[in-house]
Amino acid sequence: MSRPFITTVVLLVCFVFTAFQCDEEEYPDYDTELAELNELKTQIETLAGTSECNDDTMCMFIAFGSKPCGGPWSYLVYSTSINMVELENLVAIYNEKENLFNEKWGIASDCAMAQQPTSMTCENNTCVAVY
């Protein structure tokens with residue numbers, strides 16, 4: 001084989017690899033939106049995690065998350081010892097944002113329904129769901 005032919009083939013191969021290389025951030029909006037959802041989820045779980053139950057408080061639960069097939073991913077357990085209005089507002093915002101995220105990005109999941117607690121109990125100053 002001639003040297004110009006080999007040089008041409010090598011250059012062509014390099015061009016093909018360059019032309020079809022993947023971008024590291026193919027979907028930057030996806031990554032940003034997912035990070036925002038995760039940050040909000042952590043904030044909500046932290047707030048709910050600070051709640052304590054005792055004789056003066058009541059245990060509660062709220063539907064948390066938005067499955068693509070409908071319904072929540074789970075139920076968040078908390079007590080009335082925290083700012084319930086703040087928690088309920090944050091959960092409503094999170095659920096709506098996750099629903100929009102799922103629709104925008106075509107997210108799929110199983111369509112199993114999360115089991116809702118039948119009651120709540122207070123164990124060691126922590127609310128526990130009973131199923």
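Is tryptophan 105 buried, partly exposed or exposed? At 25% relative accessibility, tryptophan 105 counts as partly exposed, where buried means under 20% relative accessible area, exposed means over 50%, and partly exposed lies in between (1.4 Å probe, protein chains only). The model is a predicted one, in which local features need pLDDT of at least 70 and side-chain atom pairs count only at pLDDT 80 or more, while totals for chains, interfaces and linings use all residues. Residues are numbered from 1 along each chain as its sequence is written, and side-chain values use heavy atoms, with hydrogens and water left out.

Aromatic pairs are taken here as rings of Phe, Tyr and Trp (its six-membered ring) whose centres lie within 6.5 Å, with planes under 30 degrees apart counted as stacked, over 60 as edge-to-face and the rest as tilted. The count by this rule is four aromatic pairs. One of them joins tyrosine 30 to tryptophan 105 in an edge-to-face arrangement, at 5.3 Å centre to centre and 90° between the planes. Because tyrosine 30 lies in helix α2 (residues 28-49) and tryptophan 105 in helix α3 (residues 84-105), this pair ties together parts that are 75 residues apart in sequence; helices are DSSP runs of H or I with at least four residues, strands are runs of E with at least two, and both are numbered from the N terminus. Tyrosine 30 is partly exposed, at 27% relative accessibility. Ring pairs also link Tyr30, Phe101 and Trp105 into a cluster.

The rings of phenylalanine 61 and tyrosine 75 have centres 5.7 Å apart and planes at 85°, so this pair is edge-to-face. Since phenylalanine 61 belongs to strand β1 (residues 59-64) and tyrosine 75 to strand β2 (residues 74-79), the pair ties together parts 14 residues apart in sequence. Phenylalanine 61 is partly exposed at a relative accessible area of 27%, whereas tyrosine 75, at 16% relative accessibility, counts as buried.
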